[in-house]
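User: I have a structure open here and would like to talk through a few of its residues with you.

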Amino acid sequence: RSTEEEKKQQIDNLDAFKKIHEETTSDALDKLKQTARENGNLFEELMETVKSASLGQISKALYEVGGQYRRNM
């Protein structure tokens, strides 16, 4: 388990990442969503998107395009 200090450090790191890339995040996520809508190469686009967007931002963008994945049980 992570300590409170480690958790705070990760949150601070994420906030810093978002601040550094705030100008490019929106465009990267829009391009990712467009690629998903067009059934393009998502892996290739994801490799670019992760340079300026967090996993949470990417997940939210893909959810907006394709909905939530639910595995059949």
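Predicted model: local features only at pLDDT ≥ 70, side-chain atom pairs only at ≥ 80, totals over all residues.

User: Which residues make up the largest nonpolar core?

Analyst: The largest nonpolar core has five residues, namely Leu29, Leu32, Ala53, Ile58 and Ala61, and helices α2 and α4 each supply at least two residues of this core.

User: And what is leucine 29 in contact with?

Analyst: Leaving aside its neighbours within four places in sequence, leucine 29 is in contact with Ala53, Ile58 and Ala61, and also with Thr49 and Gln57.

User: Switching to lysine 33, is that one buried or exposed?

Analyst: Lysine 33, which sits in helix α2 (residues 22–37), is buried because its relative accessible area is 15%, under the 20% cut-off.

User: What does lysine 33 touch?

Analyst: Not counting residues up to four places away in sequence, lysine 33 touches Ala61, Glu64 and Val65.

User: OK, where is serine 54?

Analyst: Serine 54 lies in the loop between α3 (42–49) and α4, and with a relative accessible area of 11% serine 54 is buried; beyond its neighbours within four places in sequence, serine 54 is in contact with Leu14, Phe17 and Lys18.

User: Last one, how far apart are leucine 62 and glutamine 34?

Analyst: They are 28 residues apart in sequence and 9.9 Å apart in space, taken C-alpha to C-alpha. Leucine 62 is found in helix α4 and counts as partly exposed, at 26% relative accessibility, and its contacts, leaving aside neighbours within four places in sequence, are Leu32, Ala36, Leu42 and Gly67.

Notes: Residues numbered from 1 in each chain as written. Heavy atoms only, no water. Helix = DSSP H or I, 4+ residues; strand = E, 2+ residues; numbered from the N terminus. Buried < 20%, exposed > 50% of the residue type's maximum accessible area, 1.4 Å probe, protein only. Contact = heavy atoms within 4.5 Å. Core = buried A, V, L, I, M, F, W, Y, C linked by side-chain atoms within 4.5 Å.
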